[in-house]
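Here is a short tour of one protein model. Keep the sequence and the 3D view side by side as you read.

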Amino acid sequence: MDFYQVIRPVLFNVIKADPEWLHQQTISTLNWLSHTRNPSAHWVNRRLQQSLCLQDPRLEQNLWGLRFPNPLGLAAGFDKDGVGAKIWSSLGFGFAELGTVTFVPQPGNPRPRLFRLPLDQAALNRMGFNNSGAAAMATRLSTDYQDLGRTIPIGINLGKSKVTPLEEAGEDYLHSFRLLKDLGDYFVVNVSSPNTPGLRSLQDAAMLSTILDLLQQENQTQKPVFVKIAPDLTWEAIADIISLAKTYQLAGIIATNTTISRDRLRTQVIEQTGKSPQEEPGGISGAPVRDRSTEVIRYIWQQTQGTIPIIGVGGIFTPQDAWEKITAGASLIQVYTGWIYQGPMMVRRILEGLLLELEKHQLNSITEAVGINNCE
């Protein structure tokens with residue numbers, strides 16, 4: 001049993017610690033591990049790598065000119081400012097996505113804005129893209145990469161600044177991309193968070209095409225560009241986005257973001273506010289979005305016959321959850337809420353489970369598993 005498994009029940013159930021405070025403490029620790037030259041930090045880093053990392057050629061993939069040592073990545077939202085960019089590989093991840101970052105620095109929505117729903121293995125957040133801005137991230141990453149190069153692919157998730165009118169969204173994304181385009185291995189256009197007013201309207205084909213057109217004109221080095229979509233879209237709207245992905249030669253689609261649905265939640269009252277989840281705005285992540293995100297992955301794969309790569313995210317807690325996403329059509333997968341609940345050893349457990357699935361199905365690599373449930 002790892003330390004996190006011992007301490008998590010205390011933090012969740014005894015101290016009733018504020019989840020955002022816990023998140024900030026985690027980020028501060030990762031920042032220390034990433035940047036201090038203290039020998040104890042190097043020792044901790046080595047121990048993390050020995051305990052959490054799993055290397056196996058069957059898990060490796062080469063996509064978009066990038067080498068992914070394994071298919072399991074950290075989803076956007078955890079490391080909003082990129083302070084842990086150098087440490088995520090030590091925690092076993094095959095890639096990590098920073099952000100969401102906006103061009104204009106912003107504090108986000110009023111607190112409290114992050115809530116645990118343990119009965120549902122879920123979280124409710126309305127953070128509102130709180131971050132230090134694209135310029136600050138660019139400065140930090142430039143320094144970090146000079147000190148130590150990238151050991152895993154690093155993506156950057158771009159959002160619209162709250163102060164920017166919707167009709168100027170394209171320019172806002174473009175400003176961030178210009179600052180960061182040489183520092184990320186891939187980029188994500190986030191138009192699916194429910195916590196910035198009007199943002200999800202940018203998933204409309206006409207609005208989204210304007211953003212993608214501006215970014216791809218600027219993208220002279222052909223960095224992989226993705227769009228991240230909501231699980232609440234209709235099939236028709238998803239089909240429109242698939243069409244845009246082809247038109248603008250996107251690298252792929254990330255499916256999915258958090259949901260605004262409150263269906264079948266077991267949580268009746270959120271302790272911090274005394275209100276029900278139905279009364280609280282924000283997006284739900286974790287187990288409640290698992291099945292819908294897999295449905296969306298399967299739909300995209302079937303509509304494109306696997307020609308548009310998919311990064312699958314939503315409700316992954318176990319190796320079986322990960323296997324379902326991959327066999328539905330996801331080339332890569334990401335975790336966030338499951339990692340918070342399960343602890344750091346979750347990454348290694350999932351990778352070990354994926355290797356067992358490959359052996360069970362007599363497959364030689366994770367690439368061979370992508371979309372196979374759609375071929376039966």
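Asn130 sits in the loop that links strand S6 (122-125) to helix H4 (134-147). Helices (H or I, at least four residues) and strands (E, at least two) are DSSP runs, numbered from the N terminus. The model is predicted, so local features need pLDDT of at least 70 and side-chain atom pairs pLDDT 80 or more, while totals for chains, interfaces and linings use all residues. Residues count from 1 along each chain as its sequence is written, and side-chain values use heavy atoms, without hydrogens or water.

Is Asn130 buried or exposed? Asn130 counts as buried because its relative accessibility is 14%. Buried means under 20% relative accessible area, exposed over 50%, and partly exposed in between (1.4 Å probe, protein chains only). Asn109 lies 21 residues from Asn130 in sequence, yet their C-alpha atoms are 7.5 Å apart.

Two residues can be compared by their contacts (heavy atoms within 4.5 Å). Neighbours within four places in sequence are left aside for Asn130 and for Trp88.

| Residue | In contact with |
|---|---|
| Asn130 | Lys80, Gln106, Pro107, Gly108, Arg113 |
| Trp88 | Leu30, Leu74, Phe78, Asp79, Phe93, Ala96, Leu98, Ile152, Trp339 |

Trp88 also belongs to the largest nonpolar core, which has 85 residues. Such a core is a set of buried Ala, Val, Leu, Ile, Met, Phe, Trp, Tyr and Cys residues joined through side-chain atoms within 4.5 Å. Trp88, Tyr173, Leu180, Ile229 and Trp339 have the most contacts inside this core. Helix H11 (residues 346-360) gives the most to this core, with 7 residues. A second, separate core has 13 residues, including Ala75 and Phe95.
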